[in-house]
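Please examine the sequence and the three-dimensional model shown below. The paragraphs that follow consider aromatic rings, their surroundings and the chain as a whole.

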Amino acid sequence: MKRQAVGTVLAMILMVSTVMVVAADSGAYVNPDALVSAEWLASNLGDPTLRVIATADCRVPTHKDSYTAGHVPGAVYLDVIAELSDPTSPIPMMILSLEGFEELMGRLGINSGTTVVVYDDTGGLWAARLWWALRYYGHEDVKLLDGGLAQWNAEGHPVETDEIAPSPTIFKACVVPELRATIDDIKLALGDPNIQLINALPESMFAAGHIPCSSNLPAPSNLDPESSTVLTYDDLTQLWAGTDLGPDQLAITYCGGGYFGAFDLFILYLMGHEEAALYDGSWAEWSSNPELPVEPCATGT
């Protein structure tokens, strides 16, 4: 990720900050189009330019069961770990190469004119990885289903069980480097007052070890525990105040392998903090190098 000239960055930050103040007064998300309701999706399923992608918590061996048991009509299943990860990278779960991503999106029936809606069975905690990947490779027309499969079912919308095989198409990617941070970016970020590192893992995992100078905002905290829908703007503002992230800071989110971190990044975008990037390698990459500092420091026992 290459940072822009300081003057340009500050100008953009002031613009974003102004928008966020307006949103705070109105209690509305700054980028509401990034999040769609189950009602909106149900009413737009007939749109031929729409492609719905379903995924799930891929840490569970039976993660595809929720899709085969019943999914949004027309939704295509994607294993966001096995299929989105670069098989040639020594670091697990790094994003696919440009060529690999183009091939995958083409196979899913996604092209430049496609509106993509992503969802999972955890409120978006895993689907957000695809949301980020599409934006990183230049496709901005991607949205997250609020509440995911649980909210879809709670509202009584129809489901189907047949596995969908879309007609292939051609997807052309264009990298947006500002959305992805590398390990070198993180090294430079340590101690930089203009950058805030946000760890999206649960508090217990954060306490066990994290990149120095990081704040902790567990990704699931952004969701209503009852419905798995995203919290209101006002509740998110109150929640994120605990990170001490200022409007004049670049936020870099991370987790274990770039999934929960992608969800925190999605929330930042929804709230209007667009000076933000995902550290793709995350803790999996950082912790694999014993020469890099961690907090709390290892005791040797």
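The structure holds 10 aromatic pairs; rings of Phe, Tyr and Trp (its six-membered ring) count as a pair if their centres lie within 6.5 Å, and planes under 30 degrees apart are called stacked, those over 60 edge-to-face and the rest tilted. One of these pairs is edge-to-face, because the rings of W126 and F260 have their centres 6.2 Å apart and their planes at 75°. This pair links distant parts of the chain: W126 lies in the loop between strand 4 (115-119) and helix 5 (127-136), while F260 belongs to helix 10 (residues 260-271), 134 residues apart. Helices (H or I, at least four residues) and strands (E, at least two) are DSSP runs, numbered from the N terminus.

The model is predicted, and local features need pLDDT of at least 70, side-chain atom pairs count only at pLDDT 80 or more, and totals for chains, interfaces and linings use all residues. Residues are numbered from 1 along each chain as its sequence is written, and side-chain values use heavy atoms, with hydrogens and water left out.

Are W126 and F260 buried or exposed? W126 counts as buried at 5% relative accessibility, and F260 counts as buried at 9%; buried means under 20% relative accessible area, exposed over 50%, and partly exposed in between (1.4 Å probe, protein chains only).

A second pair has another geometry: the rings of W132 and Y136 have centres 5.3 Å apart and planes at 10°, so the pair is stacked. Both residues lie in helix 5, four residues apart, about one turn of the helix. W132 and Y136 are both buried. Together with F101, Y137 and F171, W132 and Y136 form one aromatic cluster.

After helix 4 comes G109, whose phi is positive, near 80°.

Charged side chains also meet rings. R129 lies over the face of Y259, at 4.9 Å from the ring centre, and the charged end of R135 sits over the ring of Y269, 4.3 Å from its centre. A charge sits over a ring if NZ of Lys or CZ of Arg is within 6 Å of the ring centre and within 35 degrees of the ring normal.

Finally, consider the whole chain. There are 11 helices and 10 strands, and buried residues make up 52% of the 301 residues. Among contacts (heavy atoms within 4.5 Å) between residues at least 6 apart in sequence, 74% join residues at least 24 apart.
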